[in-house]
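Please have the viewer open as you read.

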Amino acid sequence: MRASRLVSILLLLQTRGRMTAQELAERLEVSVRTIYRDVESLHAAGIPLYGDAGPKGGYRLLDGYRTRLTGLTADEAESLFLAGLPGPAAELGLGAVVAAAQLKLMAALPVELRDRAGRIQERFLLDAPTWYRDPEPVTHLPAVADAVWNERPLQVRYRRWRAPQEVERRLEPYGLVIKAGRWYLVARSGEHVRTYRVSQILDLHTLPGGFARPEDFDLQAYWQGYLAEFEARLRWGEAIVRLSPRGVERLADLMTPGVVAAARESASAPDEEGWTQVTVPIESIEHAVCEFLRLGTDAEVLSPPELRERMATTTYELAARYNRR
């Protein structure tokens, strides 16, 4: 445990530069006193580690010092190769870079770890996109990624779903997210931080100068909040539905996780016919009709009345069409 912490201190200082004892303690979840002891041990081992006093002080490594890639456990080495995303890396223009980095990492590993890491690539493949969807064109992705990395503003022509469909925007790009094989740009436009689908960028120009990315901006926290808000906007109403025993079983295969979770939480005890009543969120009447038709005769919509009426009309029209001679 302590040996692993000493290596972590070295790697943190190597990658982040100067850090205070308090910052190291918070990062490693130990006391400041423990950091002091660890630093003394590193000194005794001959590591060129220096401490400066004052408000801007902290620990740092001698300029040019680099530790070699040692101390990796088998699980750590395997996880580095399991985390590789060749598809997204290629879309970013980094496919060859990732391959070269993995080759260097493999060469630096001891033989026993090299064999185990190699087996990871042979036995596991992460295919992020969903089924039945052609890859999206992301022509401007490398330029967007470069602007994110170098904090350069962008002028884009963007296609959105509401009118006017094509708009011009000046963006300050904060980060990129890949979700189900689709790339999204998180950027500030005016006073607001918004999400833009990279494939919908029609034209792009990198503007001169730069911008100050807020130091307290947390991309992961923003994205989680965005997803929650997006889900809330989609689910504007609820439907009460009766499900047959087979319908309950089929629900997980045909509906979204949110609908399945709501159905499980609200499920009543089976009635005399073995059917269960559930309350689930719906996006719209039109969307709900399509969703519940997938369950066929294993579902009966009880409310809202408009949805029940639309289900009855749709099934009547279907029956009439198929009864034609």
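Buried means under 20% relative accessible area, exposed means over 50%, and partly exposed lies in between, using a 1.4 Å probe and protein chains only. This is a predicted model, in which local features need pLDDT of at least 70 and side-chain atom pairs count only at pLDDT 80 or more, while totals for chains, interfaces and linings use all residues. Residues are numbered from 1 along each chain as its sequence is written, and side-chain values use heavy atoms, with hydrogens and water left out.

**Salt bridges**

A salt bridge here is a side-chain nitrogen of Lys or Arg within 4 Å of a carboxyl oxygen of Asp or Glu. By this rule the count is 10 salt bridges.

| Pair | Closest N and O atoms |
|---|---|
| Glu 166 and Arg 157 | 3.0 Å |
| Arg 250 and Asp 298 | 3.1 Å |
| Arg 294 and Glu 291 | 3.4 Å |

Helices (H or I, at least four residues) and strands (E, at least two) are DSSP runs, numbered from the N terminus. Arg 250 is partly exposed at 25% relative accessible area, whereas Asp 298 is buried at 7%.

In the pair of Glu 166 and Arg 157, Glu 166 is partly exposed at 45% relative accessibility, and Arg 157 is also partly exposed, at 29%. Elsewhere, salt bridges that share partners join Arg 242, Asp 271, Glu 273, Glu 300 and Arg 308 into one network.

**Cavities**

On a 1 Å grid over the protein atoms alone, a cavity is a set of points where a 1.4 Å probe fits but cannot get out, and its lining residues have an atom within 4 Å of a point. Grid points are joined across faces, edges and corners, and a volume is the space filled by probe spheres set on the points. A search of the whole structure finds two cavities of 30 Å³ or more.

The largest cavity has a volume of about 80 Å³. Of its 13 lining residues, the closest to the centre are Arg 235, Val 259, Pro 281, His 287 and Glu 291. Strand 9 (276–282) and helix 12 are the elements that give two or more residues to this lining, and helix 12 supplies the largest share, four residues.

The second largest cavity holds about 40 Å³ of space. Its lining consists of Val 241, Leu 243, Leu 251, Met 255, Val 259, Val 278, Val 280 and Phe 292. Strand 8 (237–243) and strand 9 each supply at least two of the lining residues.

**A helix with one buried face**

In helix 2 (residues 21–28), Ala 21, Leu 24, Ala 25 and Leu 28 are buried. Seen down the axis of helix 2, these buried residues fall within an arc of 100° (taken from the directions from the helix axis to the C-beta atoms), so they line one face of the helix. An α-helix has 3.6 residues a turn, so residues three or four places apart point the same way. Helix 2 is followed by Glu 29, whose phi is positive, near 60°.

Technical notes. 1 Å grid on protein atoms, 1.4 Å probe; cavity = no way out; pocket = protein on both sides within 12 Å on 5 of 7 lines; lining within 4 Å.
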